[in-house]
Amino acid sequence: MSDVNTTSNWPTFSFIGIPGLEAAHMWISIPFCLLYLVALGGNFLLLLLVRAEQNLHEPQFYFLAMLGLTDLGLSLSTMPSVLAIFWFDVHDVGLDACLTQMFFIHTLSSVESGVLVAMAFDRLVAICAPLTYTRILNHQTVLCLSGAALIRGATLLAPLPFFLRTFPFCGANILSHSYCYYPDMLNLACGDVTFSSVYGLVCVLCTFAVDVIFILVSYMKILGTVMKLGIQDRNWKSLQTCVCHLCTVLVFYLPLISLAVLHRYTQETSPILYTTMSNAYLLMTPLLNPLVYSLKSRQIQAALRKRFVVQRVVAGE
């Protein structure tokens, strides 16, 4: 790791890997590599299915494809630094590379949160206003909601790298994670970081906090509508889709909230806990999302069976 202890505007940062287990990094890299392969393969397969299967050309699956694309971006953003640590014992990263990785991680996380809101809106309209579903959730609406999630994330988070460029950095500049994370980098900056810290908090409130509130209100409305109508076959199928979405929401927000709490309100947290939560935040979400929908969505299951059966028939011929 870097032992630089001088103040610099162009510093080198050091990733810590997994503290205390440096000698086992090569062995630890095996499950990490497998998890990345499953995450990349699962989301790529999901995108192929949505593109190829005509019966998946519906708003909920378009949003699911957007979610898969975002998860691919998150995995590819963190994979170089994580595997560089475990495979090649490379812990140092320059400022430009660190800021670039940080921007993509935070922007894609914001986009994913926005897509989850769009998926909640899709289920809200499908259950509470089914007669107007096709009129409200048309292709133009899907494009607008997806574009809004992307523009919101990129616009709000674009200033973060520029804020960090204005600060000198002191000390060894050792990061708490296996990737560059804005609060982590801000803690290493010298000078008054009040404005940058407040702006980061405002971004969190304007994205994740607002999104969580909208998702909770949507599902309270959905639950109330279902209870009034009774559990019919159509409503039961819709609720199953909602369960998939709620699982995805929990997989995304629980590690995110836990990591934010660890950064802001705990000072003596074990470094291993930091590392575990940070890896869960950005690795488990891309890994579990395609698995959840593959196990719960009948349309995805049918598309998978169709593809594999066709391939087996072709191979047999």
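## Where α5 meets α8

Let's start at a helix pair: Arg152, Thr155, Leu156 and Leu157 of α5 touch Tyr199, Cys203, Cys206, Thr207 and Asp211 of α8, where contact means heavy atoms within 4.5 Å. By class, the residues of this contact divide into five nonpolar, two polar and two charged. Here Ala, Val, Leu, Ile, Met, Phe, Trp, Tyr, Cys and Pro count as nonpolar, Asp, Glu, Lys and Arg as charged, and the others, Gly among them, as polar.

Helix α5 covers residues 139-157 and helix α8 residues 194-229; their axes come within 10 Å and cross at roughly 165°. Axes are lines fitted to C-alpha atoms, for helices over the stretch in contact, with angles from 0 to 180 degrees between N-to-C directions. The two helices are therefore roughly antiparallel, a label for angles over 145 degrees. Their crossing is left-handed, meaning that the near helix is turned anticlockwise from the far one by less than a right angle.

## About the model

This is a predicted model, in which local features need pLDDT of at least 70, side-chain atom pairs count only at pLDDT 80 or more, and totals for chains, interfaces and linings use all residues. Residues are numbered from 1 along each chain as its sequence is written, and side-chain values use heavy atoms, with hydrogens and water left out.

## The overall picture

The protein has eleven helices and two strands, in the order β-α-α-β-α-α-α-α-α-α-α-α-α from the N terminus. These are DSSP runs numbered from the N terminus: helices are H or I, at least four residues, and strands are E, at least two.

Of the 317 residues, 49% count as buried, that is, under 20% relative accessible area with a 1.4 Å probe, protein chains only. Among contacts with a separation of 6 or more, 80% join residues 24 or more positions apart.

Helix α3 takes in residues 95-128, and its 34 residues should span 50 Å at 1.5 Å a residue; the end C-alpha atoms lie 49 Å apart, which agrees. The expected span is 1.5 Å times one less than the number of residues. Since 27 of the 34 residues are buried, α3 is largely enclosed by the rest of the structure.

Helix α2 (residues 59-88) packs on α3 at about 160°, with the axes 9 Å apart. This pair, too, is therefore roughly antiparallel, and its crossing is left-handed. Their contact has 14 nonpolar, eight polar and four charged residues.

Threonine 285 is found in helix α10, residues 271-296. Its relative accessible area is 1%, so threonine 285 is buried. Leaving aside neighbours within four places in sequence, threonine 285 is in contact with Asp71, Glu112, Val251, Phe252 and Ala280.

How values were computed: Buried < 20%, exposed > 50% of the residue type's maximum accessible area, 1.4 Å probe, protein only. Parallel < 35°, antiparallel > 145°, perpendicular 65-115°, else oblique.
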